[in-house]
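Here is a structure to question.

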Amino acid sequence: MPLPGVGEELKQAKEIEDAEKYSFMATVTKAPKKQIQFADDMQEFTKFPTKTGRRSLSRSISQSSTDSYSSAASYTDSSDDEVSPREKQQTNSKGSSNFCVKNIKQAEFGRREIEIAEQEKPLAGAKIVGCTHITAQTAVLIETLCALGAQCRWSACNIYSTQNEVAAALAEAGVAVFAWKGESEDDFWWCIDRCVNMDGWQANMILDDGGDLTHWVYKKYPNVFKKIRGIVEESVTGVHRLYQLSKAGKLCVPAMNVNDSVTKQKFDNLYCCRESILDGLKRTTDVMFGGKQVVVCGYGEVGKGCCAALKALGAIVYITEIDPICALQACMDGFRVVKLNEVIRQVDVVITCTGNKNVVTREHLDRMKNSCIVCNMGHSNTEIDVTSLRTPELTWERVRSQVDHVIWPDGKRVVLLAEGRLLNLSCSTVPTFVLSITATTQALALIELYNAPEGRYKQDVYLLPKKMDEYVASLHLPSFDAHLTELTDDQAKYLGLNKNGPFKPNYYRY
C-alpha cells in the first residue's frame, strides 16, 4: 500500500519546523559538522574508538590542508591580500553575488576540505533500521541521524500513531519510510519486513520502540545480526523482551536500555504522560473529569503522570498495583489502592499503564457500567483483552476516529479508545520538548554503540551511565534560562564528587 500523497506541503513543513523549534536535536541537524564533545571523565563511554586508517586519515587531512592552501595561492597574487573583500565584485558558479568572502575561486578547495570533514561524522557508514512512532518529533530525530552520516530505513511501531503528512515529507526528503496511519496487522509486519529486507542494503544498527522490529529480525532474518553492532530500545515492553533474550542466552549483540535512563523515565514517561493523557481523552470523548471516578492500573512513571493530571481536574482516582513500593507511593500521594474487581462496576474511566497483558479482561468489561471509557497508556495493545470483544453477540459502532462503542445485547455501551492501543500518540500529540530529551538520548546511545571498539560491550543489555543522563539534561536547561550552581573545590572535596559530575551514584532514585 503506498504512502498517502504529499499535497499539503505547508502543513508538512510546519509540523516538522514546529517540532524543530523546541527540539535540541534540531540544532544537531542544523549544524551536522559539529561533533558532540563530552567531559574527560566520560571518555570510557563516549570516546570514539581508534579505527583502522584513522591515523592515516589524520595525516591526509593535514596534508590536504597544506596542499589546498598552497594550490589556492595560484588563484591569487600578492596584491589580493591588500584588497578588502568588501571592494571586490565576485559571483559564484550559479551567478549569485549575495555573499562576501576573501576569494570565491577557493571554493573548489574548500569543498574538498568539507568532504574530508564529512568522513568524521560520528555515524558515517551507519545503516540504521528503525521502528518508532512516526511523528513530526521523531522526524527531527531521523533527519538528525541522517545529518550525522547514517542511512536510515524506517517503519512505525504503532498502527495509529503515524502522521501521514510527516511520513510523506520524510519520503520526499529521501528517507526510506514505510508507514501510514491505520495500517492493518498484516500491513504492520509488511512494513517492518520492507525495512529489513532490501537487496544490496543491510542494517548494522537497530533503533526499536517496543521490540517488534528486533523480534522480526530474530524470527525472519537471524543472519542480519552478524553485522548488527547494537540495538537501542526505548520502551518498557521492548526492554523486557531484551532482558528475556539475555537471560535465555539468545541475545547475540549488545543492547542499550534507553527506557530506564532517568531522562527517559522522568520526562518522557512521567511529565509527557501528565500532559498528553488529558489531551487524548478530551479530543476523543469531550468528557468533563471533575467528579468522575477513574481507575488507573499501574503506578509507575506513566501511571504517576496520568494520576497527577486527573487529580488536578477533580477526578476521584483509584490505583491498582502489584508492587508494594509503588502502592505505598500511591497511598502517600493521596490515592486509594484497590483491586480492579472492587471498583469495576462504579468507575467511569479505566486506564491501563502496566506494560503487562490481560490487565482488563472480558469479565471486567462485562461488569462495567454503561458508557464507561476504556483506554491504554502502555506501549503494547495487550493490556486490554480487545480480542474477546470481537464476538457475534457484541456490536461495534465507530462513532469518530479512534472511538468505538462496543454494544452488549442489553444495550450497554463501553467506549473503547484506539482499539486498546497507545492513547496519546494514537488520538492526540505529545509535547515536542519532552521528546527532544528522549531523542537526544537515543542518538547518543546509537553513536556510542556504533563507534565502540570491539570488546567494550558484550552480548548483554546495558544502562546509560549517569553522566550521560546529566549531559542530556544540561543541554535542555537553557530553554528555561536555568542557571546551575557550581560546587567550589572545597565543597566537591567534602562530598567526594567531581565538580563536573556525575552528581549522584548509580543506585540513586530520583
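This is a predicted model: local features need pLDDT of at least 70, side-chain atom pairs count only at pLDDT 80 or more; totals for chains, interfaces and linings use all residues.

Q: Where does D481 lie, and what is its phi?
A: D481 lies in the loop between helix 18 (466-476) and helix 19. Its phi is positive, about 55°, although D481 is not a glycine.

Q: Why is S371 called partly exposed?
A: The relative accessible area of S371 is 43%.

Q: What makes the peptide bond from G501 to P502 cis?
A: Its omega is near 0°. Most peptide bonds are trans. P502 is found in the segment after helix 19 (489-495).

Q: How do you know that R362 and E393 meet in a salt bridge?
A: The N to O distance between their side chains is 3.1 Å. The cut-off is within 4 Å, so the pair counts as a salt bridge. This pair links distant parts of the chain, 31 residues apart. R362 is in helix 15, and E393 is in the loop between strand 11 and strand 12 (395-400).

Q: Why is the contact of E419 and R390 called a salt bridge?
A: The side chains of E419 and R390 meet at 3.2 Å, N to O. The limit is 4 Å, so the contact qualifies. E419 is in the loop between strand 14 (413-417) and helix 16 (423-427), and R390 is in the loop between strand 11 and strand 12. R390 is partly exposed, at 49%.

Q: How do you know that R413 and E397 form a salt bridge?
A: Their N to O distance is 3.0 Å. That is within 4 Å, so the pair is a salt bridge. R413 is in strand 14 and E397 in strand 12, 16 residues apart. R413 is partly exposed at 28%, and E397 is partly exposed at 33%.

Q: What joins R390, R398, D404 and E419 into one network?
A: Salt bridges that share partners join them.

Q: How many salt bridges does a search of the whole structure find?
A: The search finds 14.

Note on methods. Residues are numbered from 1 along each chain as its sequence is written. Side-chain values use heavy atoms; hydrogens and water are left out. Helices (H or I, at least four residues) and strands (E, at least two) are DSSP runs, numbered from the N terminus. Buried means under 20% relative accessible area, exposed over 50%, partly exposed in between (1.4 Å probe, protein chains only).
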